[in-house]
2 protein chains.
Amino acid sequence: MTPLSLAIVGYGKIARDQHHPAIDQHDGFTLSAIASRNGHVDGLPHFESLEALLESDEAIDAVSLCAPPSVRFEQAMAAMRAGKHVMLEKPPGATLSEIEILKAFAERQGVTLFASWHSREAPGVARARAWLADKTVTGMHIEWKEDVTKWHPGQSWIWQAGGLGVFDPGINALSIMTEILPMDVYLHASTLVFPANTQAPIAASLTFKDLGEHTLSAEFDWRQQGDELWNITIETDHGTLALSKGGSQLHIDGEQMLEQDEREYPGLYQRFFELIERGECDVDVRPLRHVADAFMLGERTTVEAFHDPAV
Amino acid sequence: MTPLSLAIVGYGKIARDQHHPAIDQHDGFTLSAIASRNGHVDGLPHFESLEALLESDEAIDAVSLCAPPSVRFEQAMAAMRAGKHVMLEKPPGATLSEIEILKAFAERQGVTLFASWHSREAPGVARARAWLADKTVTGMHIEWKEDVTKWHPGQSWIWQAGGLGVFDPGINALSIMTEILPMDVYLHASTLVFPANTQAPIAASLTFKDLGEHTLSAEFDWRQQGDELWNITIETDHGTLALSKGGSQLHIDGEQMLEQDEREYPGLYQRFFELIERGECDVDVRPLRHVADAFMLGERTTVEAFHDPAV
């Protein structure tokens with residue numbers, strides 16, 4: 001079978017570090033073009049914008065959208081209008097409503113729309129999901145803490161309205177949570193910590209409820225000093241499961257079950273390929289819905305201004 | 001046919017002023033009990049809580065939940081577990097996620113769940129929807145401005161986190177908007193105005209987009225002096241439609257098409273009755289989804305503290 005011809009739209013850090021190598025590794029895709037204002041790849045056709053690419057003679061089957069969420073909707077609509085399959089970086093949009101419109105349009109156009117959540121491809125996630133499937137969860141604690149100056153230097157858009165702030169990494173934890181928990185949960189309370197000079201929170205505490213009387217909590221913090229903590233601990237009627245290092249390490253009752261290097265993006269492109277082959281979509285809005293709920297329900301506190309040393 | 005036996009849960013101002021008279025007017029329902037901490041009705045069995053009602057011998061077919069949204073989820077689950085049909089005052093919940101859980105549970109239980117939006121029953125709404133159905137909308141402006149001290153005296157919960165603030169009335173406009181517009185829209189930008197001492201906004205400006213390049217805007221304000229303004233103006237390729245007085249007056253190109261006294265709650269109970277008869281649910285989350293989007297995307301500004309003269 002001829003590989004599918006794919007273009008990356010928005011060739012920034014995540015595209016260069018993660019998407020490009022993952023596409024190169026996958027036999028089912030050939031990276032054929034780049035549409036990006038600033039990013040270039042030697043030897044590949046370059047377009048200033050997705051619109052310019054779609055108007056060109058370049059034969060493209062699919063696009064991977066890596067630009068910030070605020071422009072993702074219009075790019076996804078344009079690509080699907082032109083009959084292209086679309087993979088969305090996370091989060092799949094700036095609002096929940098636009099994602100509903102995208103889903104409906106993908107079905108009408110008969111193209112694959114894949115709202116990717118890269119953390120779900122972490123090595124321990126599938127196994128955690130399988131182990132939890134027949135357990136009763138009695139407690140959960142997520143701690144997702146990292147140093148924003150290390151992971152997002154100079155990224156001013158994450159601090160603007162709609163930039164989501166600490167939920168940008170926190171949504172990764174929520175994407176794992178919604179993937180592995182064997183029951184539905186809903187947000188019960190949230191506290192959002194806003195620096196005095198930003199429109200997005202630097203920290204957040206969430207409490208979820210399920211249909212039992214269990215305490216399920218999540219702490220997101222961008223003020224972490226030193227090593228990042230990306231841990232999810234889940235207590236059940238049959239022992240405690242711990243995913244750590246963002247899901248690349250799995251312990252059950254203290255015993256290490258798995259530790260692997262992460263291969264998240266190769267996993268995503270394999271999933272995208274399978275969805276295209278089967279003519280299906282995969283658009284799970286639950287992680288972003290929890291974030292929207294957290295903003296709507298959130299108690300706001302203000303802390304000292306944040307100054308990015310990289311700016 | 002024997003009327004359905006119905007209980008009101010949460011007998012406060014809206015239940016007394018609107019629900020109770022509407023139920024009395026409907027041949028299909030008999031108001032059989034009240035579950036409410038404070039509210040009583042002479043001659044009707046009274047219970048301290050929904051739980052106490054459900055544990056009693058009182059034969060109830062359906063409940064109408066009028067307590068604040070923060071407790072609605074657990075009440076709705078308890079009632080549906082006991083096999084009762086459920087009508088929810090607006091908004092149907094404190095979070096979007098809990099409404100998804102309710103929907104799934106209603107279908108599993110085979111009971112009717114009706115997330116009511118009373119403003120959709122305003123006299124001009126059905127006709128506006130019918131008139132707009134075959135038009136192309138080229139613009140929209142919503143202005144929903146009222147004096148909070150007149151309409152919500154002493155209601156402290158509306159100012160707390162999750163209380164929604166000015167979106168409490170604003171969501172009425174959004175419920176009409178989503179009912180009558182012939183196309184999907186998504187939030188493009190929002191500004192939220194918070195008093196320095198509250199957790200909920202006193203004003204909000206929203207801009208929506210559709211798939212064309214039209215400007216669709218909404219202004220919600222609780223600082224209105226004098227008469228309230230509850231107006232929706234929609235420009236189309238075939239003239240301008242104006243719903244005013246909350247939807248009880250309809251003009252097309254300046255010509256008055258309709259002015260009727262509002263009968264919103266009788267309309268809701270008729271709809272609830274029909275849904276039960278047909279064994280259906282009606283849970284449209286779009287108005288609340290736009291509100292959640294507005295909180296997630298919103299640019300925040302702070303204004304002087306608000307002091308409720310009634311407190």
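Predicted model: local features only at pLDDT ≥ 70, side-chain atom pairs only at ≥ 80, totals over all residues.
Strand 12 (residues 239-244) of chain B runs antiparallel to strand 13 of chain B, and four bridges join the two. Within strand 13 of chain B, Leu250(B) is the bridge partner of Leu243(B). The two strands make a hairpin with four residues between them, and in its turn Lys245(B) has a positive phi of about 50°.

On to the next pairing: strand 13 of chain B is also joined by four bridges to strand 14 (residues 255-259) of chain B, again in an antiparallel arrangement. Here Gln249(B) has Glu259(B), in strand 14 of chain B, as its bridge partner. The hairpin of strands 13 and 14 of chain B has two residues between the strands, and Asp253(B) takes a positive phi near 50°.

What about the faces of strand 13 (residues 249-252) of chain B? Both are covered. Gln249(B) and His251(B) are buried on one side, while Leu250(B) and Ile252(B) are buried on the other. In a regular strand, side chains alternate between the two faces of the sheet.

## Helix 5 of chain A

Over in chain A, helix 5 (residues 125-132) has Val125(A), Ala128(A), Trp131(A) and Leu132(A) as buried residues. Seen down the helix axis, the buried residues of helix 5 of chain A fall within an arc of 125°, so they line one face of the helix. An α-helix has 3.6 residues a turn, so residues three or four places apart point the same way.

The face of this helix turned away from the buried side carries Ala126(A) and Ala130(A), which are exposed. The cover over the buried residues of helix 5 of chain A includes strand 7 (137-145), helix 7 (167-180), strand 11 (229-236), strand 12 (239-244) and strand 13 (249-252) of chain A.

## Ser5 of chain A

Ser5(A) is found in strand 1 (residues 4-9) of chain A. Is Ser5(A) buried or exposed? With a relative accessibility of 11%, Ser5(A) counts as buried.

Leaving aside residues up to four places away in sequence, Ser5(A) touches Thr30(A), Ser32(A), Ala59(A), Ile60(A), Asp61(A) and Ala62(A). With one of these, Ser32(A), there is a side-chain to side-chain polar contact of 2.6 Å.

## Confidence

For chain A, the average pLDDT is 96, and 100% of the residues score at least 70. For the complex, the predictor gives an ipTM of 0.95 and a pTM of 0.96.

Note on methods: Residues numbered from 1 in each chain as written. Chains lettered and ligands numbered in written order. Heavy atoms only, no water. Buried < 20%, exposed > 50% of the residue type's maximum accessible area, 1.4 Å probe, protein only. Arc of directions from axis to C-beta. Contact = heavy atoms within 4.5 Å. pLDDT = per-residue confidence, 0-100. Pairing = 2+ DSSP bridges. Polar contact = N/O pair within 3.5 Å; in protein donor to acceptor, adjacent residues only side chain to side chain.
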